[in-house]
Structures are given as structure tokens and as C-alpha cells.
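Keep the viewer open while you read.

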Amino acid sequence: MPVNMISKLLEKAVLPALDVAPPVKIGGPRRTSVLRNPNMEKLQKGYLFPEISIKREEHLKKYPDAKVISLGIGDTTEPIPSIVTSAMAEYALALSTPEGYQGYGPEQGHTNLRKEIADKVYPDMGIKESEVFISDGAQCDIARLQTLFGPNVTIAVQDPTFPGYVDNGVIMGQTGKVDDGGRYAGIEYMRCAPENAFFPDLSRVRRTDVIFFCSPNNPTGHAASREQLRQLVELARRNGSIIVFDSAYSSYISSSSSSSTPRSIYEIPGAREVAIEVSSFSKFAGFTGVRLGWAVVPDELLYSDGVPVARDFDRVVCTCFNGASGIAQAGGVACLSTEEGRGAVARVVGVYRENARVLVETFRSLGKEVHGGGDAPYVWVRFPGRRSWDVFAEILEKTHVITVPGSGFGPGGEGFIRVSAFNSRDKVLEACQRLKSFLA
């Protein structure tokens, strides 16, 4: 009997018994019988930053000789300090020797780096090295935390907000469909606008299981005050919620602001019982390509049944992750373990903070309403009555400068653009000249 005839007979006899749909081929490539995750269908278009990269490529095809300057995606441009790269190189070279070779490390991270983070990033906050989990970046930790929480929790986000919090929630099945205004059913959007000093009216926030909160904020650049974070912690304690606090930009809070503007949620009394903190080496050490971050999960943080959250997060980490690169972790230790290392990365942060100051002055000189840029590397500029994507497109067309449309961060970002300070000083100054010529 011909093989194709046998195959057809098996499909008729076996597949119905297994209740499996046969592979489909209708005028195109052969399909499997696997159903698509229905939550993927809920996502709006593509992820924001790849969409901007596509717009850039389209622009370069139209203007192949254009010298495009990116003030859009928050990718660092300053070289990593040599004291840090030397430590990474030394670690890498040691791998070629019998004495220095190391294979898998602890999934939770190397002990020396966990201790440096606990001691240097969280001094006098009671954070133990065992509560620090090393990762390959804050965005990956956000996804792992969403895996930890599962599909049955409710979430709240700032509006506007970093899109990773929302999109991961959608993929996990924590939301309903999106409405015409860009809001997903099941998510509590906490409006953060100039009119409320970029901090939500918590008396009007519906109770949710998890609250995602970023300070200094991406995209608005607002750094929450000590009193604002005290109110947030009190809300979580009252409602029995968990705060996921993203402090990736905390190193941009100036020393003059730090007394009134906390760099960590754990500076607030009671936060250890209600908060997880995620952070990253990307924006203060230039590790956007190296990939290194961490999450802090305090021992006191418990589920409703009394089980420590850290126990389950450890299980997720060990299941989904083989640990951050040892080379990257050696670089992380070099950033924190000596005054020279800490001073070197602080100088890099200083370059971007000065860039932000120049951008703020430029837009203000043009009569624009400007926010952020003081304790954050992002400048949030309002264009009243305009759609964000239209402003983005017009600036790109007329100046060859890339920004980010505010609506990409949620409905509350409509009418704004985000301008990043992450570029070299000469390119930032050139971009400012182009913007002045266009917007004046």
C-alpha cells in the first residue's frame, strides 16, 4: 500500500480517537494542530521599542544619507569604565586555566555580588545577601515575577508606564481585551500626570493584588517623594497587596534630592512586608549589552497562606534560569566593591544627567512644558492637542531625531513625547540644535 494512503488512513482512524485536530494545509504552508495562546492575540501591535526601530529603518530607506540621532530607546552609549571591563576580562581569561575555570554557578547569583548589593545599594535597610537574587536584567525579572504570580492576580500600573509590566500581564492571562482607548480590562490604571504631580490619588485606586511602581519613573522622569512612597506602602499594607518597585534609575537621584527622594522602597518603614524591588546595572554601569540585574525579595514578604514569597521565587529562578553570566557578575562586583569602581560608574551617570539638563533647557527655551530630567535620564515633553505618534513622525521627518511617542507607554502618555539623555554629549548638542531650528 502506498505510504500516502497509509498516512490518510491513520489520520482518519487515530486522530479522532485522540481528539486532536489533524494538521491543516490550505493553500499555504502546512500547519500544526497546536492552538495559539489566546492571550497573544490581545497584545496591541508589536512591542513599543522594536516598533520604533522599524520606523527608523523605514526612515533611513527614505533618507539614506541622513545622520539620524537617537534620543529614543534608553540604550547607553558611554564606554564602560576600564576598572569594570578589566575585572570581566580577568575573569574570562581565568576560564582558560584549570585553576580559574568555573562552570554553572548558583542560580541565585555569586555570593560576593549578592553581598556587595546588600551592603552598598541597601546600607542600613536590613537587606540580607540571601534576599538578593542576581539576574540578567530587570525586564527579565519582571517576566519571572509575572510567572510567579500566575494568571489569577489583579494588577495596577502607573499611567503612563513601562510597557513590559502590562504586556507580560497580558501574556500571562491577567487581563481582558483592550478597549478603544488602549486600556486592558482587569488592569487598574493609576493616572500620573502633571495635574496630580505624577502621583496617583490612592483614595481612588481600586484594590489589586500587585502594584507595579517605577521611581524614578520611566517615561515621565518623576521621582516619588518619601511621603508619596509612604502612602504607597501604607496602601499596600492596608489592602494586603504586593508592590513590585522598579528602581532601575535610582542612581540618577542627586545627592541633594536623596534626603526627600528615596532611592529604594526599603527606605520606607514597613516596606519589607509588602514589597519586591527590581533593579539593574544597565543604566548606571552601561550594562545594557552585558546584561545584569537583581531582585530583592525580603523574608518577611508572605502569601495569604503564610508561605514566604521568596521560597516560590527561588523555585521559579531555579526552574527558568541557570544564573547570570559569571563574567557579567565579575563586572558587577567591580562596580560596587571599591571607591574607584563606584566613582567610575558615578561619572558615567553624570554624563547622562548633564545631557538631561541640556535637553530640559532646550525645550524650555522653546516654550514647551517639560517634566523630568532632574533625577532621571528621561525628559517628558507635552505637545497639547497633538497625537504622540504624529509628533514623533514630524520630528523624525524634519530633524532626523528619534524620540518615543508618549502613547506607547499607555493612554496617559498621549500628547507627550519621551526624550532620552542616553547618547554622547556632541550628539545631544547636535540634536538640540536641530530641534531648535524645527520647533522655533
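Where is the place of Asn218? Asn218 sits in the loop between strand 5 and helix 8 (226–239); helices (H or I, at least four residues) and strands (E, at least two) are DSSP runs, numbered from the N terminus. Before going on, please note that this is a predicted model, in which local features need pLDDT of at least 70, side-chain atom pairs count only at pLDDT 80 or more, and totals for chains, interfaces and linings use all residues. Residues are numbered from 1 along each chain as its sequence is written, and side-chain values use heavy atoms, leaving out hydrogens and water.

**Around Asn218**

With 5% relative accessibility, Asn218 counts as buried (under 20% relative accessible area, with exposed over 50% and partly exposed in between; 1.4 Å probe, protein chains only). Leaving aside residues up to four places away in sequence, Asn218 touches Thr161, Phe162, Tyr249, Tyr378, Phe409 and Arg418, where contact means heavy atoms within 4.5 Å. The side chains of Asn218 and Arg418 are also joined by a polar contact of 2.7 Å. Such a contact is a pair of N or O atoms within 3.5 Å; within protein, one must be able to donate a hydrogen and the other to accept it, and residues adjacent in sequence count only if both atoms are side-chain atoms.

**The sheet and its helices**

Seven strands form an open, mixed sheet in the order 2-8-7-6-5-3-4; two strands pair if DSSP finds at least two bridges between them. Strand 2 (132–135) and strand 4 (187–191) are at the edges with a single partner strand each, so one side of each lacks a neighbour in the sheet. From one strand to the next, the twist averages 20°. Strand 6 (residues 242–246) and strand 7 (residues 275–280) pair in the parallel sense over four bridges, and Val244 has Ile276 in strand 7 as its bridge partner.

| Helix | Residues | Angle |
|---|---|---|
| Helix 6 | residues 138–149 | about 150° with strand 7 |
| Helix 7 | residues 163–172 | about 150° to strand 3 |

Among the strands touched by helix 6 are strand 2 and strand 8 (293–296), while helix 7 lies across strand 3, strand 4, strand 5 and strand 6.

**The whole protein**

The protein has 14 helices and 13 strands, and 50% of its 440 residues are buried.

Note on methods. Axes are lines fitted to C-alpha atoms, for helices over the stretch in contact, and angles run from 0 to 180 degrees between N-to-C directions.
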